[in-house]
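Please consider the following account alongside the sequence and the coordinates.

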Amino acid sequence: RGLCGTFNGDQRDEFTTPAGDVEPGVAAFANAFRAAGACPALGPGVPDPCGFPGSRERAEAACAALMGPAFQ
């Protein structure tokens, strides 16, 4: 469970929240993990992370750990 999914082969429950609910959309799912006051809640449209200079490179570097041997 969590932001990385359930890894049970059933894509219908990938957006399971800490409360055990399954959210249909990305924004509601992400907001369920948001620390109160840490950042603003996402609205219905997810912002494009590549809309700022250098964002794509930072995102790819951060996601490299998820694509590496530790998660294979």
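Is Leu66 buried, exposed or partly exposed? With a relative accessible area of 39%, Leu66 is partly exposed, a class that lies between buried (under 20% relative accessible area) and exposed (over 50%), computed with a 1.4 Å probe on protein chains only. The model is a predicted one, in which local features need pLDDT of at least 70 and side-chain atom pairs count only at pLDDT 80 or more, while totals for chains, interfaces and linings use all residues. Residues are numbered from 1 along each chain as its sequence is written, and side-chain values use heavy atoms, with hydrogens and water left out.

Leu66 belongs to helix α2, which covers residues 55-67. Together with Met67 and Phe71, Leu66 makes a nonpolar surface patch of about 340 Å². Such a patch consists of residues with over 30% relative accessible area and no salt bridge, where nonpolar side chains (Val, Leu, Ile, Met, Phe, Trp, Tyr) are joined within 5 Å and like charges within 9 Å. The areas come from the Shrake-Rupley method with a 1.4 Å probe, and for residues only the protein chains shown count as cover.

The fold as a whole has two helices and zero strands; these elements are DSSP runs numbered from the N terminus, helices being H or I with at least four residues and strands E with at least two. Of the 72 residues in the protein, 14% are buried. The protein exposes about 5600 Å², and carbon and sulfur atoms supply 61% of that area. Among contacts (heavy atoms within 4.5 Å) with a separation of 6 or more, residues 24 or more positions apart account for 10%.

The aromatic side chains come next. The whole structure contains two aromatic pairs, a pair being rings of Phe, Tyr or Trp (its six-membered ring) with centres within 6.5 Å; planes under 30 degrees apart count as stacked, over 60 as edge-to-face and the rest as tilted. The pair of Phe15 and Phe29 is stacked, because the ring centres are 4.8 Å apart and the planes stand at 25°. Phe15 lies in the segment before α1 and Phe29 in helix α1, so this pair ties together parts that are 14 residues apart in sequence. Phe29 also pairs with Phe33, here edge-to-face, at 5.2 Å centre to centre and 70° between the planes.

The C-alpha atoms of Val26 and Phe15 are separated by 7.7 Å, although the two residues are eleven apart along the chain. Glu14, also in the segment before α1, is partly exposed at 24% relative accessibility. Between Glu14 and Pro24, ten residues apart in sequence, the C-alpha to C-alpha distance is 9.5 Å.

Charged side chains complete the picture. Side chains of opposite charge can pair when their charged atoms come close. The structure holds one salt bridge, defined as a side-chain nitrogen of Lys or Arg within 4 Å of a carboxyl oxygen of Asp or Glu. The partners are Asp10 and Arg12, whose closest N and O atoms are 2.9 Å apart. Asp10 is partly exposed at 25% relative accessibility, whereas Arg12 is exposed, with a relative accessible area of 71%.
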